[in-house]
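Visitor: I'm new to this one and would like to learn how to read it. Could you take me through it feature by feature?

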Amino acid sequence: ITAGKPLHCKAAIAREAGQPLVIEEVIVAPPKAHEVRIKIICTSLCYSDITFWKLKDFPGCYPRIFGHEAVGIVESVGEGVDEVVEGDYVLPVFIADCGDCNDCKSSESNLCSKLPFKISPWMPREDSSRFTDLNGETLFHFLSVSSFSQYTVVNVAHLTKIDPSIPPNRACLLSCGVSTGIGAAWRAANVKPGSTVAIFGIGAIGLGVAEGARLCGATKIIAVDINPERFEFGKKFGVTDFINPNNCEDNKTVSQGWGKTIVLGVDKPDAQLSLLSMDVLLSGKSIKGSIYGGLKAKSDVPILVKRYLDKEVRLDEFVSHEMKFDEINKAFELLIEGKCLRCVIWM
Ligand code: CXF
Ligand code: ZN
């Protein structure tokens with residue numbers, strides 16, 4: 001019986017920005033009110049882990065436990081948690097879905113206002129950590145998940161209970177990147193049957209968009225990427241046309257009157273977007289921001305799990321590599337080199 005007590009396990013600690021992770025024994029505190037301690041089964045690497053790990057000017061956030069794309073099993077729950085119980089199969093998501101605030105109750109938004117999304121090095125609500133190393137030093141969290149640890153503590157608003165029939169090395173993909181892509185086509189863009197969809201950037205997220213567009217009945221799916229090697233991946237995901245912007249003069253984007261552009265992913269810090277009002281606003285086009293593809297974790301993730309089990313949504317094809325936890329630095333290298341789509345790490 002481990003409930004209620006601090007627990008020792010292995011975690012991959014980033015001691016400094018951009019430096020290889022070190023697997024060490026850590027102590028994971030029991031969950032406080034509205035929190036859940038989970039045993040991570042699989043985590044996969046998302047490029048956001050790398051983006052933040054590379055940032056040198058992010059003071060005060062090291063040592064840190066990265067990782068946010070994962071699946072696990074409930075080990076114990078804190079006070080006031082009745083949504084999940086020990087042994088439940090759960091998917092953590094970096095944005096909350098409290099189910100209770102105006103935004104969570106509305107079908108228009110997936111940004112919870114009770115636990116607003118922020119890039120914080122702490123637990124949500126509490127501004128404290130549940131991790132310490134064996135010297136008693138506090139370890140920082142990442143995106144409310146910190147899945148590069150065999151056990152982690154997550155607020156229940158960041159957890160979705162899922163059908164245990166989906167294998168963990170597939171389920172974890174729905175925790176961030178692939179589901180963000182699928183969601184961007186399905187929820188954020190609401191792609192209609194017969195549409196044409198152009199996707200800029202053919203990594204796991206872009207291919208997720210292709211999968212979402214296919215599911216929504218798009219007939220033309222255009223992949224745009226400056227790396228022609230990426231097109232090989234695209235062929236497996238129903239991409240019908242390929243454009244390399246380096247060999248292409250025509251830069252027309254979306255239809256006048258009703259064309260939609262969905263922005264997803266992480267931009268450069270302080271990046272600005274400029275547009276000609278004649279080209280966009282007066283032409284009736286729209287540009288829409290999104291996070292997690294507009295998915296509401298607690299309602300949309302179970303739908304995607306069911307559609308995977310019903311063999312409608314493809315996930316297997318996204319997993320290009322699988323490895324053991326102690327090889328995690330190799331996963332970083334593969335993703336940085338652009339050699340993998342998703343690398344699943346077994347804990
Ligand atoms: C990202 C989305 C934008 C902010 C940082 C995290 N999500 C996951 O990779
Ligand atoms: Zn991510």
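Visitor: How many residues of the shell around ligand 1 are nonpolar, polar and charged?

Guide: This is a predicted model, so keep that in mind as we go. The shell around ligand 1 splits into 7 nonpolar residues, 2 polar ones and no charged ones.

Visitor: Which residues surround ligand 1?

Guide: Look for C46, S48, F52, H68, F94, F117, L143, C176 and V266 around ligand 1. The protein covers 87% of the 270 Å² of accessible area that ligand 1 has on its own.

Visitor: What about S48 and H68, where do their side chains sit relative to an oxygen atom of ligand 1?

Guide: For polar contacts, we look at pairs of N or O atoms within 3.5 Å. In the side chain of S48, an N or O atom is 2.4 Å from an oxygen atom of ligand 1. For the side chain of H68, the corresponding distance to an oxygen atom of ligand 1 is 3.1 Å.

Visitor: Let's move to salt bridges. What is the count?

Guide: Here the idea is a side-chain nitrogen of Lys or Arg within 4 Å of a carboxyl oxygen of Asp or Glu. The count comes to 20 salt bridges. Take E35 and R130: their closest N and O atoms are 2.7 Å apart. E35 belongs to strand β3, while R130 is in the loop between α2 and β6, so this pair ties together parts that are 95 residues apart in sequence.

Visitor: Are E35 and R130 buried or exposed?

Guide: Both E35 and R130 are buried. Now try E83 and K298, another salt bridge, with the closest N and O atoms 2.6 Å apart. This one links distant parts of the chain, 215 residues apart: E83 is in the loop between β4 and β5, and K298 is in helix α7. E83 is partly exposed, at 41% relative accessible area, and K298 is partly exposed too, at 22%.

Visitor: Which residues are linked in a network of salt bridges?

Guide: That would be R15, E24, D133 and E137. For a simple pair, go to K339 and E337, whose side chains meet at 3.0 Å, N to O. K339 is exposed, with a relative accessible area of 53%, whereas E337 is partly exposed at 47%.

Visitor: And which residues form a nonpolar patch on the surface?

Guide: Find V263, L273, L275, M278, L281, L282 and I287; together they have about 730 Å² of accessible area. M278 lies in the loop between β13 and β14. Since exposed means over 50% relative accessible area, M278 counts as exposed because its value is 55%.

Key
Residues are numbered from 1 along each chain as its sequence is written. Chains are lettered from A and ligands numbered from 1 in the order in which they are written. This is a predicted model: local features need pLDDT of at least 70, side-chain atom pairs count only at pLDDT 80 or more; totals for chains, interfaces and linings use all residues. Side-chain values use heavy atoms; hydrogens and water are left out. Patches are made of residues with over 30% relative accessible area and no salt bridge: like charges are joined within 9 Å, nonpolar side chains (Val, Leu, Ile, Met, Phe, Trp, Tyr) within 5 Å. Accessible areas come from the Shrake-Rupley method with a 1.4 Å probe; for residues, only the protein chains shown count as cover. Helices (H or I, at least four residues) and strands (E, at least two) are DSSP runs, numbered from the N terminus. Buried means under 20% relative accessible area, exposed over 50%, partly exposed in between (1.4 Å probe, protein chains only). A residue is near a molecule or strand if one of its heavy atoms lies within 4 Å of it. A polar contact is a pair of N or O atoms within 3.5 Å; within protein, one must be able to donate a hydrogen and the other to accept it, and residues adjacent in sequence count only if both atoms are side-chain atoms. Ala, Val, Leu, Ile, Met, Phe, Trp, Tyr, Cys and Pro count as nonpolar, Asp, Glu, Lys and Arg as charged, and the others, Gly among them, as polar.
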